Amino acid sequence: MSTVQAASAEHGDQEDLVEDLAHFGKATGGKIAMWMFIAQDGMSFGGLLFAYGVLRASAESWPIPSDILGIPLTALATFLLICSSLSMVFAVLAAQERNQAALVRWLGVTIMGGVTFLGIQAYEYTHLVHIGIGFAESSWQGEPINNLFGTTFYAVTGFHGLHVFSGVIYLCCVLRGAMAGKYTQGGHSYSPVELVGLFWHFVDLVWILVFTFIYLL
Amino acid sequence: MSGQHIHAEPTNFFRKHVFSVDHKVIAKQFLWFGLIWLGIGGVMAMMIRWQLANPGEPVPVIGSMLFPRTNGVLDPATYNTLFTMHGTIMIFLGLTPLMIGAIGNWSIPLMIGARDMIFPLLNCLSFWAMFLGGAVGFISLFVPLGATEAGWTGYPTLSTTINGVGSGETLWAIAVFLIGASSIMGGINYMTTVIRLRAPGMTWQRLPLTVWGIFLTSVLNVLFVPVIGSAMLLLIMDRVFGTTFFIPASIMQGAGGGDPILYQHLFWIFGHPEVYILILPAWGIIGDLLSFFSRKPAFGYRAQVGAMVAVTLLSAVVYGHHMFTTGLSAMLGESFMLLTMIISVPAEILFFNWLHTLWKGNLRLTTPMLFSMGVIFVFGLGGLTGIYLATIGTDIFLHDTYFVVGHFHLTMAASALFATFAGIYFWFPKMFAREMNEFLGKTHFWFTVIPLVTVFCLMFVMGYAGMPRRYYDHTSAEYLRSLQHLNKYATHAAFLLGAAQLVFVYNFIRSRWWGKPASQNPWEVGTLDWTMETPVPHYNFKEIPEVFTGPHEFSNPDIPDGKDWISMTEKLKA
């Protein structure tokens, strides 16, 4: 917070920023709309996770996820995704401080985090298909298992993966604007970075739930 | 402020009329789109009624043209398709675009004093997503093996590949998904617009009830449409990729299977709020219109808003009353029954306020007023019969009978349709700068309301006597043959109802191009939309107006110059 205030004071719009942070009523239309989008997206995930919960709870047999899914690798992916949330925070701060070089750097780090996550997911999918966990039919060590295990796994993580993919594209668009210096001009110009940040944090937050329900429990 | 800049009016035909970002043009696009689909869905209803009254006889006039293979007779598969697509079309492609798309787009910016929606491009995308959804739905009627036959609710296993083998069902799911995406885009846009772009002085407590209704509907759209989106995705996966989310283990060959009841949960988590998605704007519209045409303030404005907010909240927790017969646990069933009954409390508050708004008012029985009063009447009938369906004991007997069909047609279909008609008659002079013919309008009303109530009240009788819905030929069951004369009466009334809509079509088309030019404020009301000139200029307000009074300050003794109404931009005498 102190860096923000220092930077703002330096550019003489501290009051503007403090007011902006203090009053919801002052939120820009884009910010309100992004929160609503997050609410509706949360409900979509809610629908899928509800379906997963009902199907798993009522299944006659369900394999232990940690036997089949590689927890350490996914834990690493989770760690990377959380780190990319942190770099996203730094990117927003950099935009507010009108530090273009730092903004571009932190956005780049965030994008790298997202891309690495997608890479690990792609590797994981190929590996799982190779050992017999398919989308419609699954077997484990030669024995057929409840095919809903694979189905729900791919449906939920795939839906999340699509979000990470969209997020990366969204971040790339913002990166382009950042390189052109659009978001470091003071006032509300940092808003688009903040919005992509909201979306990115949401995607990360949902992953914590997905990781818990699909992998750990 | 963002979104409030004035851009030059586009001159290119495509930018002006097709891919326009102007809320007024988009409202008219939604209006025409919705009316055309309302017509298609209506013709389907007429064919369903023909089959019910005259099972297995060729449909007159249009039958041989539409079904040449059977010489105009509806075969069972076609009959299934008709009632399925009738429901889907009327809800998703008829009432939704008309009430939320057309009236919402038209009234929100004009009534709150904004130059446009806050995200004009998103608004344009919302229309074209719905158009695409409509196109996919339309194409699904013509694919090999035909369109969906699973009922508008699309329950598995009827809607999985076990029963619905054609691609029509998949296209149906895609269409519902696209229309849902359109609703979400519209909802986010409407809410943000109302939150951010209200004119100075337009506090939440001065917001016209129409805007309140559409705002609350948008809340439900944004929160619950995604759930049916998830359900449709899972259904599409079951159909296209061979997964078994909704296919029960008992009919599976491999290990494990899914749960068809899961679909019903996902569907009704959305489906029950959907009922309120359609009725909240209707309540809002008539809350305003009853006040406007009684020349009295809306009685209990705050109570009406409070009741609508309460219904919005409650609508999320009552969906289980659609599933009493699915083997729901008794405790859950009773909880849902109680919560459902509680909804009648805010509904009663609204009724009381509407009637008290009318009470001793200086009623002006114009066409929009007649339709608004019609909403009170048909929603009252539908609401009272809802109590029997909310009660588990009676619902188990009445489930899936024509009693249910009569109930939901009166509540969500007829009430929403009447409010839509009221809205169209009311805003037409501002929208098209011409007046609609009042005599034809009143004819339309009376020839709509009487047959409509006849049809659906006969359905209550038949449903109570045990006539199930969705049967191809009721006369094949001995115990239903004695009801056949009622089916014939209902069909005659339905045809009269259908014919009355031709009066509306004639009136609409004639008034649109050849009607009497409308004055600026023919209804003498004070909301911001009526205080601007007709036709509405590009970007609505050159100067954003400042609001000083509420929307319903009628017959207030403090109104200057001896009028009985005051513009929201004028001040009352101190």
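Helices here are DSSP runs of H or I with at least four residues, strands are E runs of at least two, and both are numbered from the N terminus.

I'm working on a predicted model, where local features need pLDDT of at least 70, side-chain atom pairs count only at pLDDT 80 or more, and totals for chains, interfaces and linings use all residues. Residues are numbered from 1 along each chain as its sequence is written, while chains are lettered from A and ligands numbered from 1 in the order in which they are written.

**Loop with D400(B).** I started in the loop between α12 (392-398) and α13 (402-432) of chain B, where D400(B) sits. Its phi is near 60°, a positive value in a residue other than glycine. D400(B) has 13 other C-beta atoms within 10 Å, so it is partly exposed.

**Loop with A433(B).** I then looked in the loop between α13 and α14 of chain B, which holds A433(B). This residue is not a glycine and has a positive phi, near 60°. A433(B) is partly exposed, with 17 C-beta neighbours inside 10 Å.

**G441(B).** Helix α14 (residues 438-464) of chain B contains G441(B). I find G441(B) buried, with 24 other C-beta atoms within 10 Å. For contacts I use C-beta atoms, placed from the backbone, that lie within 7 Å. Leaving aside neighbours within four places in sequence, G441(B) is in contact with T367(B), Y425(B), M436(B) and N507(B). I also checked A347(B): it is 94 residues from G441(B) in sequence and 28 Å away in space, C-alpha to C-alpha.

**Core.** A nonpolar core is a set of buried Ala, Val, Leu, Ile, Met, Phe, Trp, Tyr and Cys residues joined through C-beta atoms within 7 Å. The largest one has 216 residues, and I286(B), A416(B) and A422(B) have the most contacts inside it. Helix α8 (residues 260-294) of chain B gives the most to this core, with 21 residues. I listed the contacts of A422(B) beyond four places in sequence, and they include I285(B), I286(B) and L289(B), along with P368(B), F371(B) and S372(B).

**Helix α4(B).** This helix covers residues 76-112 of chain B, 37 residues in total, and reaches 50 Å from its first C-alpha to its last. That is close to the 54 Å expected at 1.5 Å a residue, the expected span being 1.5 Å times one less than the number of residues. Where is the kink in α4(B)? I find it at T96(B), about 45°, shortly before the proline P97(B); the bend is the angle between axes fitted to the seven residues ending there and the seven starting there. Of the 37 residues of α4(B), 34 are buried, so the helix is largely enclosed by the rest of the structure. G113(B) follows α4(B) and has a positive phi, near 80°.

**Cis bonds.** I noted a cis peptide bond from P156(B) to T157(B), with omega near 5°. T157(B) is in the loop between α5 (120-140) and α6 (168-196) of chain B. The bond from T534(B) to P535(B) is also cis, with omega near -10°, and P535(B) lies in the segment after α16 (528-531) of chain B.

**Interface.** Last, I looked at the two chains together: 29 residues of chain A are in contact with 32 residues of chain B. On the chain A side, α3(A) gives the most, with 17 residues.

How values were computed: A residue is buried if 20 or more other C-beta atoms lie within 10 Å of its own, exposed if 12 or fewer, and partly exposed in between; C-beta atoms are placed from the backbone.
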